[in-house]
Amino acid sequence: MTDPGLAMIADAAEPAPRGTSHDLFSKFDPLIQQREQLLSTGLTDPFNLVMERVESPTVAICSGRRTILLGTYNYMGMTFDPDVIEAGKQALDEFGSGTTGSRVLNGTYQGHRECEDALKEFYAMDHAMVFSTGYQANLGIISTLAGKDDYIILDTDSHASIYDGCALGNAQIVAFRHNDVEALEKRLKRLPPEAGKLVVLEGVYSMLGDTAPLKEMVAISKAHGAMVLVDEAHSMGFIGEHGRGVAEAQGVIEDVDFIIGTFSKSVGTVGGFCVSNHPKFEILRLVCRPYVFTASLPPSVVATAATSIRKLMHGGNKRAHLLENSRRLHGGLKQLGFQLGTDQPQSAIIAVIMPDLERGAAMWEALLHEGLYVNLARPPATPQGMTLLRCSLCAEHCEEQVSEILGMFEAAGKKVGVI
Ligand SMILES: Cc1ncc(COP(=O)(O)O)c(C=O)c1O
């Protein structure tokens, strides 16, 4: 991807005089200026918030005040589950604070195996590989699987970790328009039939909260001889009969070759993984650099993850409540006159589209003053240069909180003049 902003800076740069070093930070000057301009208005820095205390999955203390959390991706509210916390404490006592080693050397403890067993059971798949983050799972699996002369075909709105996985490897990259089935087919048709191909999709796209037409996309990919990887970071635990994600909900999980996920959302801790039925999958443990050349997760983390994953297998009631929350918030915001990322709620993410960065930042701050935290997202992370207030609901938000949240949006929206 080229960045026109950076190209402009390169053109304008004066050659550095002899003996003085060119300041490598100068490429960030436009961003520094934009940030300074925004903060000079007295605005609270939206990217520097501190949670002074966290009371529950839905409430924290920020700047001394009670704040409802609506931007944490803690979809199933597992961070304060008593069994999860107990498992972490016990592992800390019994195995210490860290492994100080790679998974392929001294960094595989009993807990890592148990965590992988829990994932295999959760997804009903033969193999599971746990990484230190979801970012590293994408980085490692994508860059290792698709080599020189292979093709990676990906959605333009893919997460940064998918793009970075492509950048780390040697494959040819082919992007297609977001969620456009025909565009995917067109791209696949143009590729050499005999070439290795990996189609990379996401179940839920986290910027707008929309789901992918996986049923059609997986079928087309398979018809063109491609392997398919689906990142279900934002659907695990919530979408699908067993919480396995959008691929399960659309009935194509059997045809997906690799599912990538994270522990940093529904599971409620940190870590990433890949599950698969491919018979040669285990060899990846020896050749996947972001798996081999980094320390494994601490025992307390894998213990909390395994306990959480096992509990998510029986999370039917929580899933139903989260769906209800998502419908109520989406309907309420629409009724108030906000422009939303999707016509109907498709996931636990509701994106509120702001007219510009200035009003987006002002709205973010007004909500914080009301006692509500949401995520502010801005270009280049967002599609089509949009400024978004991204709300992610939690199964632990009660009905009263959703009503309170809608009241806060109404007050802030009127104050800033976006409704
Ligand atoms: C789609 C997607 N994939 C991967 C990741 C990375 O997950 P982690 O936080 O575990 O690094 C994220 C995190 O935001 C994500 O949204």
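Into how many nonpolar, polar and charged residues does the shell around the ligand divide by class? The shell has 2 nonpolar, 9 polar and 2 charged residues. Ala, Val, Leu, Ile, Met, Phe, Trp, Tyr, Cys and Pro count here as nonpolar, Asp, Glu, Lys and Arg as charged, and the others, Gly among them, as polar. The structure is a predicted model, in which local features need pLDDT of at least 70, side-chain atom pairs count only at pLDDT 80 or more, and totals for chains, interfaces and linings use all residues. Residues are numbered from 1 along each chain as its sequence is written.

The ligand is surrounded by 13 residues. The closest are Thr133, Gly134, Tyr135, Ala233 and Thr262. Helices (H or I, at least four residues) and strands (E, at least two) are DSSP runs, numbered from the N terminus.

Glycine 134 belongs to helix H5. Glycine 134 counts as buried because it has 24 C-beta neighbours inside 10 Å. A residue is buried if 20 or more other C-beta atoms lie within 10 Å of its own, exposed if 12 or fewer, and partly exposed in between, with C-beta atoms placed from the backbone. Leaving out residues up to four places away in sequence, glycine 134 touches Ser161, Ala233, Ile260, Gly261, Thr262, Ser264 and Gly272. Contact requires that the C-beta atoms of two residues, placed from the backbone, lie within 7 Å. Glycine 134 and isoleucine 260 are 126 residues apart in sequence, yet their C-alpha atoms are 7.5 Å apart in space.

The chain is assigned two domains: domain 1 (40-69 + 316-416) and domain 2 (80-312). These bounds come from an automatic or database domain assignment. The domain centres, taken over C-alpha atoms, are separated by 27 Å. In domain 1, 16 residues are in contact with 15 residues of domain 2. Helix H13 (316-336) and strand S13 (349-354) each supply at least two residues of the side of domain 1 that touches domain 2. The largest share of that side, 3 residues, comes from S13. By class, the side holds 9 nonpolar, 6 polar and 1 charged residues.

Isoleucine 349 is found in strand S13. Isoleucine 349 counts as buried, with 26 C-beta neighbours inside 10 Å. Its contacts, not counting residues up to four places away in sequence, are Val204, Ser206, Gly209, His234, Arg390 and Ser392.

Helix H13 has 21 residues and should span 30 Å at 1.5 Å a residue; its end C-alpha atoms are 31 Å apart, which agrees. The expected span is 1.5 Å times one less than the number of residues. Buried residues of H13 are Lys318, Arg319, Leu322, Asn325, Ser326, Leu329, His330 and Leu333. Seen down the axis of H13, these residues fall within an arc of 125°, so they line one face of the helix. The arc is that of the directions from the helix axis to the C-beta atoms. An α-helix has 3.6 residues a turn, so residues three or four places apart point the same way. The face of H13 turned away from the buried side carries the exposed residues Gly316, Asn317, Ala320 and Gln335. The cover over the buried residues of H13 includes S13, strand S16 (387-392) and helix H15 (399-416). Glycine 337 follows H13 and has a positive phi, near 105°.

Helix H4 (residues 110-123) has 14 residues. From first C-alpha to last, H4 reaches 20 Å, close to the 20 Å expected. Its buried residues are Gly111, His112, Cys115, Ala118, Leu119, Phe122 and Tyr123. Down the axis of H4, they fall within an arc of 120°, so they line one face of the helix. Among the elements covering them are helix H3 (82-95), strand S4 (127-131) and helix H12 (299-312).

Alanine 124 lies in the loop between H4 and S4. Alanine 124 has a positive phi of about 55° although it is not a glycine. Asparagine 179, in the loop between strand S6 (172-176) and helix H7 (181-190), also has a positive phi of about 55°. A cis peptide bond, with omega about 5°, joins proline 379 and proline 380.

Note on methods: Near = placed C-beta within 6 Å.
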